Amino acid sequence: MTSSAPVKTEYEAIIGLETHCQLSTETKIFSTSSTAFGADPNSNIDPVCMGLPGVLPVLNEKVLEYAVKAGLALNCQIAKYSKFDRKQYFYPDLPKNYQISQYDLPIAEHGWLEIELVDKDGNPTRKRIGITRLHMEEDAGKLVHAGSDRLSGSTYSLVDYNRAGVPLVEIVSEPDLRSGQEAAEYAQELRRILRYLGVSDGNMQEGSLRCDVNISVRPFGQKEFGTKVEIKNMNSFNAIQRAIEYEIERQIAAVEAGERIIQETRLWEEGSQRTISMRVKEGSSDYRYFPEPDLAPIEVTPEQLENWRAQLPELPAQKRHRYESELGLSAYDTRVLTEEHAVSEFFEATLKAGASAKQTANWITQDIAAYLNKNKLSITEIALTPANLADLITRIETGKISNAIAKENLPELLNGRSPDELFKGKELISDPNVLEAIIDEVMAANPKELEKYRKGNTNLKGFFIGQVLKKTNKLAEPKLTNELVEKKLNSDQ
């Protein structure tokens with residue numbers, strides 16, 4: 001990511017993130033309704049998630065498994081004993097008028113993840129960000145405001161309860177972040193980890209990953225935190241960075257003007273690129289937490305814990321470190337290759353098929369990535385196989401085809417044609433005797449240009465190389481052709 005905007009150096013920002021991640025279960029946390037996105041409003045509902053009288057919640061065991069795996073991947077301590085609690089608040093999108101969450105005994109605590117920032121010269125710096133806690137909870141429904149994207153300015157509101165009861169984990173960071181850049185990278189790394197685990201798709205556009213930012217400022221050297229403000233309504237990593245940068249400047253300006261910062265919740269307004277006040281921030285006492293009476297406490301056995309730990313994949317940071325130390329790849333290459341699990345799997349399968357690491361990285365991060373971006377595809381949606389990419393790279397490195405021919409034919413490979421089929425009759429001419437005969441023919445056909453070259457116009461070397469390539473339909477091996485043309489042009493003078 002690029003560097004964030006400069007902040008006045010006599011102040012520092014103290015930033016923490018609360019991230020809500022939807023778990024990729026097929027059914028809701030306490031009932032059997034579908035969690036599928038995009039269904040008609042109020043079609044994925046049932047008596048449990050609507051809080052009808054006489055119904056009881058039952059914990060979806062997959063939710064517990066996914067939450068524990070996320071906690072392990074974030075280096076958390078997993079609680080042997082935890083419980084659910086009722087969080088009381090009254091809002092139209094909460095049909096029960098309370099949310100089942102976890103308060104004082106969350107499933108995971110005291111973890112960390114490592115973020116990596118790359119400067120303009122491509123040099124990485126790493127920083128460890130603490131994780132305070134990870135807990136399970138159910139989502140609320142969604143208010144749809146008619147005539148506006150928020151309550152203010154709308155003529156009426158509709159409620160869609162499809163999201164009510166969708167399983168979430170809330171991941172709370174320590175206040176270890178100091179800039180919008182760090183916060184955005186933290187959120188992206190968290191998303192990478194969850195996607196590698198397969199426990200969440202992390203799709204911000206669909207609400208599968210939502211970040212709230214807690215931010216305050218203080219003079220450098222001051223130990224006490226300033227009054228924190230919460231920011232909501234950020235639907236991209238770039239918006240997280242911009243919202244934080246704006247809020248830092250707003251708070252610093254207020255402090256310098258002698259104004260009092262109040263603890264409140266603010267919204268990021270994308271159109272005006274500013275934060276606006278939403279409400280005064282509640283404290284935990286306002287929610288009147290008490291243990292959920294309809295759900296038994298949770299006990300994770302040592303056998304369950306070790307079984308789930310054994311199922312964890314190699315995570316993005318581990319892959320980045322390994323690619324740099326063992327394969328000698330650059331920080332840029334490792335970041336691109338590990339951004340998506342499917343890309344890293346494709347890369348490693350290509351290496352297993354016999355290709356070199358650097359050439360494979362170049363093809364995936366450059367030509368193939370450009371094709372995917374242009375056509376809005378993922379690497380799983382192309383017909384090119386790792387074996388065929390390895391075949392292509394081997395043909396280039398052994399001099400059978402040129403890099404130019406490979407690039408020219410890449411779209412055909414991406415659409416499923418095999419190298420054997422595609423490069424039949426297109427192998428480079430690398431026999432010196434054959435090339436010398438062709439060069440002799442070219443020189444004989446262009447006596448005027450040959451004479452000009454031998455009288456001092458050495459720029460005409462490129463003309464003769466071009467004629468040889470034209471005559472061979474670009475199949476003359478470039479390096480050998482260059483050497484032989486130069487040798488022929490400079491002989492018999």
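**Helix H2**

I started with the length of H2 (residues 61-73): its 13 residues at 1.5 Å a residue should span 18 Å, and the end C-alpha atoms sit 19 Å apart, which agrees. The expected span here is 1.5 Å times one less than the number of residues. Helices (H or I, at least four residues) and strands (E, at least two) are DSSP runs, numbered from the N terminus.

Ground rules, before I go on: this is a predicted model, where local features need pLDDT of at least 70 and side-chain atom pairs count only at pLDDT 80 or more, while totals for chains, interfaces and linings use all residues. Residues are numbered from 1 along each chain as its sequence is written, and side-chain values use heavy atoms, with hydrogens and water left out.

Is H2 buried or exposed? I find 11 of its 13 residues buried, so H2 is largely enclosed by the rest of the structure. Buried means under 20% relative accessible area, exposed over 50%, partly exposed in between (1.4 Å probe, protein chains only). Among the buried ones I noted Glu65 and Lys69, along with Val63, Leu64 and Tyr66.

**Asn44**

Next I checked Asn44, in the loop between strand E1 (11-22) and helix H1 (47-50). Asn44 has 12% relative accessibility, so I count it as buried. What does it touch beyond its neighbours within four places in sequence? I get Lys28, Ser33, Ser34, Ala36, Ala39, Tyr161 and Asn162 (contact is heavy atoms within 4.5 Å). I also looked at Thr32, 12 residues from Asn44 along the chain; their C-alpha atoms are 9.4 Å apart.

**H6 and H8**

The axes of H6 (residues 316-327) and H8 (residues 341-352) come within 13 Å and cross at roughly 25°. That makes H6 roughly parallel to H8; angles under 35 degrees count as roughly parallel, over 145 as roughly antiparallel, 65 to 115 as roughly perpendicular and the rest as oblique. From H6, I see Lys319, Arg322, Tyr323 and Leu327 meeting His341, Ser344, Phe347, Glu348 and Leu351 of H8. I sorted the contact residues into 4 nonpolar, 2 polar and 3 charged.

**H15 and H16**

Last pair: the axes of H15 (residues 461-471) and H16 (residues 478-489) come within 10 Å and cross at roughly 125°. The two are therefore oblique to each other. Lys461, Phe464, Ile465 and Val468 in H15 meet Thr481, Asn482, Val485, Glu486 and Leu489 in H16. This contact splits into 5 nonpolar, 2 polar and 2 charged residues.

Note on methods: Axes are lines fitted to C-alpha atoms, for helices over the stretch in contact, and angles run from 0 to 180 degrees between N-to-C directions. Ala, Val, Leu, Ile, Met, Phe, Trp, Tyr, Cys and Pro count as nonpolar, Asp, Glu, Lys and Arg as charged, and the others, Gly among them, as polar.
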